Amino acid sequence: MNELIALGFQLFMLVTAIAVVFQKNNFTVIILMSVYSLIAATLYMFNQAPDVAIAEVAINAAIIPLIYVIAISRQREIIVYDTLHHGDITPGKVFEGEIYTYLYTFSKKNKLRLNVCSDLEGDDATLIREMNVDFIITKEEETYVLKGKSHHMLMKKMVKELKQHPHIRTELIEEGHDLD
Amino acid sequence: MIRRIIGLSLLIGLFFFMVEAMNEFGVLYNDEARLYFQTNGFLETGSLNLVTGIYLDYRLLDTLFEAGILLVAVSGVSWIAQHDHIEHNPLFMLDRFKIPELFVSIARVLYPIVLLFGIYVVFNGHLAPGGGFQGGSILATALLILYYIDLNKKTNLTRIFFIEKVLYLLLLLISSLSFFTRGFLFTNVVSPDMGVAWQSVFLITLNVLIGAKVALGLTAIFIAFLKEGR
């Protein structure tokens, strides 16, 4: 009987492991991973290893999800530094520039929260490398300039999309290797 | 679709292969060491929980290296991640959109229970399943939950790093004291002739030291992650 229950748990564990691979939503992945380690802890108990089971529950089902939740809530925001001092972008407001409309639709399409700020100081390179700012908006005569990291995933998406917008130019900033 | 089916069938095949291997494992099992620990473990180490007896007596050197690895990991994180002397809870934790109300209210109820359970696991490491590492990580969970509840929390990170290093040095010192009392390094300070009660004092001391060190180390890593970025 015990062996059958253990086999059932192992099958359930396999199903959760496959679900982690195919799941798209990040928060669901975290919950599935902690479910996986809870099943693993149950299996440890079946094999008479309560010490290992306690360690598995405490680390893989409690601490690691907490750290992942923090990391993912960081991921859901794009920080834009606005040198033109236009303030925040709200849906009800009439936009003054093409770039704000574009950024708003982009963030809505990718389910990100847009955080526009204009109270930072420092040159572009240090802002992007050290302050974790994703994009910087400036203006040169009639065209807007959007600066961002060259390795940024969102930036690569934007460069593709912005070819249709003649009034917005993108500028890539190389990431520094100054720590080496 | 074909690739998925192939991958799935491979995984299921691997699963049954592993189940088969586990059945064979029972046949190949060599129980000489287990029998030795079962008959002599309690008398030699004074610990009812034989796992604690092994990692705090027979293999104390391994435990010291394990704690040392955690120390190196924490030092590496503190060197790479940018942090201040006194660290405030960051502003984005205020955002109720990201951290649900339900989580916060349940965490408020659970926090003292988790803390008490962690202390219990640390102190009962030689009697029941548990010990320094497990209890330390439970304590660290309790301390991390506090960051979701208390938004004005401040932490002196430099002090945490300092205390962790001092605890590691104390661990080294206490575990090498047996050289003066019993003649060889890294074992129980009290010899088995003096009784189980005196031996458990040593076990509890080491468990508390390891528990505090692990809890502080994991908390420090978490806080360093909180700060990283803006």
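From the N terminus on, chain A runs α-α-α-β-α-β-α-β-β-α-β. That makes 6 helices and 5 strands. Helices (H or I, at least four residues) and strands (E, at least two) are DSSP runs, numbered from the N terminus. This is a predicted model, in which local features need pLDDT of at least 70, side-chain atom pairs count only at pLDDT 80 or more, and totals for chains, interfaces and linings use all residues. Residues are numbered from 1 along each chain as its sequence is written, while chains are lettered from A and ligands numbered from 1 in the order in which they are written.

### Chain A overall

Chain A has 180 residues, and 19% of them count as buried. A residue is buried if 20 or more other C-beta atoms lie within 10 Å of its own, exposed if 12 or fewer, and partly exposed in between; C-beta atoms are placed from the backbone. Take the contacts in chain A between residues at least 6 apart in sequence: 59% of them join residues at least 24 apart. Two residues are in contact if their C-beta atoms, placed from the backbone, lie within 7 Å.

### The sheet of chain A

The 5 strands form an open sheet in the order 2-1-3-4-5, with mixed pairing. Strand 2 (113-117) and strand 5 (168-173) are the edge strands, each pairing on one side only. On average, neighbouring strands are turned by 25° against each other, direction ignored. Helix 4 (residues 98-109) of chain A packs on this sheet and touches strand 1, strand 2, strand 3, strand 4 and strand 5 of chain A. The direction of helix 4 makes about 145° with that of strand 2 of chain A. Axes are lines fitted to C-alpha atoms, for helices over the stretch in contact, and angles run from 0 to 180 degrees between N-to-C directions.

Two strands pair if DSSP finds at least two bridges between them. Strand 1 (residues 77-82) and strand 3 (residues 135-140) of chain A pair in the parallel sense over 3 bridges. Strand 3 and strand 4 (residues 143-149) of chain A run antiparallel and are joined by 6 bridges. Some bridge partners are listed here.

| Residue | Bridge partner | Strand of the partner |
|---|---|---|
| A:Val80 | A:Phe135 | strand 3 of chain A |
| A:Asp82 | A:Ile137 | strand 3 of chain A |
| A:Phe135 | A:Gly148 | strand 4 of chain A |

Strand 3 and strand 4 of chain A form a hairpin with 2 residues between them. A:Glu141 in the turn has a positive phi of about 50°. A:Glu142 also lies in the loop between strand 3 and strand 4 of chain A. A:Glu142 is exposed, with 7 other C-beta atoms within 10 Å. A:Glu142 and A:Ile168 are 26 residues apart in sequence, yet 9.1 Å apart in space, C-alpha to C-alpha.

### Positive phi in loops

A:Gln48 sits in the loop between helix 2 (26-46) and helix 3 (50-75) of chain A. Its phi is near 60°, a positive value in a residue other than glycine. A:Gln48 is exposed, with 8 other C-beta atoms within 10 Å.

In chain B, phi of B:Phe186 is near 55°, again positive in a residue other than glycine. B:Phe186 lies in the loop between helix 8 (178-181) and helix 9 of chain B. B:Phe186 counts as partly exposed, with 19 C-beta neighbours inside 10 Å.

### Helices of chain B

Helix 3 (residues 50-58) and helix 4 (residues 60-80) of chain B pack at an angle of about 85°, with their axes 5 Å apart. That makes helix 3 of chain B roughly perpendicular to helix 4 of chain B. Angles under 35 degrees count as roughly parallel, over 145 as roughly antiparallel, 65 to 115 as roughly perpendicular and the rest as oblique. Helix 3 of chain B contributes B:Tyr55, B:Leu56 and B:Asp57 to the contact, and helix 4 of chain B contributes B:Leu60, B:Asp62 and B:Thr63. These residues divide into 3 nonpolar, 1 polar and 2 charged. Ala, Val, Leu, Ile, Met, Phe, Trp, Tyr, Cys and Pro count as nonpolar, Asp, Glu, Lys and Arg as charged, and the others, Gly among them, as polar.

Helix 6 of chain B is mostly covered: 15 of its 18 residues are buried. Helix 6 of chain B reaches 26 Å from its first C-alpha to its last, close to the 26 Å expected at 1.5 Å a residue. The expected span is 1.5 Å times one less than the number of residues.

### Where the chains meet

The contact takes 22 residues from chain B and 18 residues from chain A. On the side of chain B that touches chain A, helix 1 (2-28), helix 6 (132-149) and helix 9 (196-227) of chain B each supply at least two residues. Helix 6 of chain B gives the largest share of that side, 7 residues. By class, that side has 14 nonpolar, 6 polar and 2 charged residues.
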